[in-house]
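Subject: Structure handover

Hello,

Please find the structure below, with the sequence. My notes on it come after.

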Amino acid sequence: RGAVLSVALEELTPFPGPLPGLIDALPGVRRPAQPTPAYLVDVAGRVDQIALMTYGSFLPTDYLFGRYVAWQTERVAELVADRVTVFMGVPTEDHPWRPAETVAAGLRGVRKGLAEVDDERAARIGVAVFADWTTTDAEWADYRRGWLATG
């Protein structure tokens, strides 16, 4: 009735099988529930916007993290960007155990993923910066260079 319904979800489950269970076995590590492609499609049928958080990957390099975000972006675009607006979440909070997860690497990944989807779907993909209160001036500068200046 004229309102916009948005949801935030964890990124798609990247690896079926035993790997998520191995991550769960790490001491002190809590892996959030990750949606399956079928679940994402079901949610997209009920909302107007989906924000997908693509951080918490534990990947060791910014290159690998960027490729991971590219894969997530391409996959999500193919699954639901014809139905809903999608915001790919990029990290800004500095964590010593996630040094590869940067604004710059996340934005490069989103751009690489968008390059692989058709223009109609790509036009329905944006980014969501996490989160304003954790974002430094340097990270906002990375955002302006990596997203606004080229998009």
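Predicted model: local features only at pLDDT ≥ 70, side-chain atom pairs only at ≥ 80, totals over all residues.

Residues are numbered from 1 along each chain as its sequence is written, and side-chain values use heavy atoms, with hydrogens and water left out.

Whole chain

The secondary structure comes to six helices and four strands (DSSP runs numbered from the N terminus, with helices being H or I of at least four residues and strands E of at least two). Along the sequence the pattern reads β-α-α-β-α-β-α-α-β-α. The chain has 151 residues, of which 40% count as buried (buried is under 20% relative accessible area, exposed over 50%, partly exposed in between, with a 1.4 Å probe and protein chains only). Of the contacts with a separation of 6 or more, 76% come from residues 24 or more positions apart (a contact is heavy atoms within 4.5 Å).

H6 covers residues 137-148, and its buried residues are Glu139, Tyr143 and Trp147. Seen down the H6 axis, these fall within an arc of 50 degrees, so they line one face of the helix (the arc is that of the directions from the helix axis to the C-beta atoms). The face turned away from the buried side carries the exposed residues Asp137, Ala138 and Arg145. The buried residues of H6 pack against helix H4 (103-114) and strand E4 (125-129).

H4 and H6 pack at an angle of about 20 degrees with their axes 9 Å apart (axes are lines fitted to C-alpha atoms, for helices over the stretch in contact, and angles run from 0 to 180 degrees between N-to-C directions). The two helices are therefore roughly parallel to each other (under 35 degrees is roughly parallel, over 145 roughly antiparallel, 65 to 115 roughly perpendicular, and the rest oblique). On the H4 side the contact is made by Val103, Ala104, Leu107, Val110, Arg111 and Leu114, and on the H6 side by Glu139, Asp142, Tyr143, Gly146 and Trp147. By class, this contact has seven nonpolar, one polar and three charged residues (nonpolar is Ala, Val, Leu, Ile, Met, Phe, Trp, Tyr, Cys and Pro; charged is Asp, Glu, Lys and Arg; the others, Gly among them, are polar).

H3 and H4

The axes of H3 and H4 come within 7 Å and cross at roughly 40 degrees. That makes H3 oblique to H4, and the crossing is right-handed. Residues in the contact include Phe65, Val69 and Ala70 of H3, and Ala105, Val110 and Leu114 of H4. By class, the H3 contact with H4 has six nonpolar, five polar and five charged residues.

Two residues

Tyrosine 63 lies in H3 (residues 62-80) and is exposed, with a relative accessible area of 53%. Its C-alpha atom is separated by 9.5 Å from that of glutamate 101, 38 residues away along the chain.

Serine 57 is in the loop between strand E2 (49-53) and H3. Serine 57 is buried, with a relative accessible area of 17%. Leaving aside neighbours within four places in sequence, serine 57 is in contact with Phe65, Tyr68 and Glu101.

Regards

How values were computed: Left-handed = near helix turned anticlockwise from the far one by under 90°.
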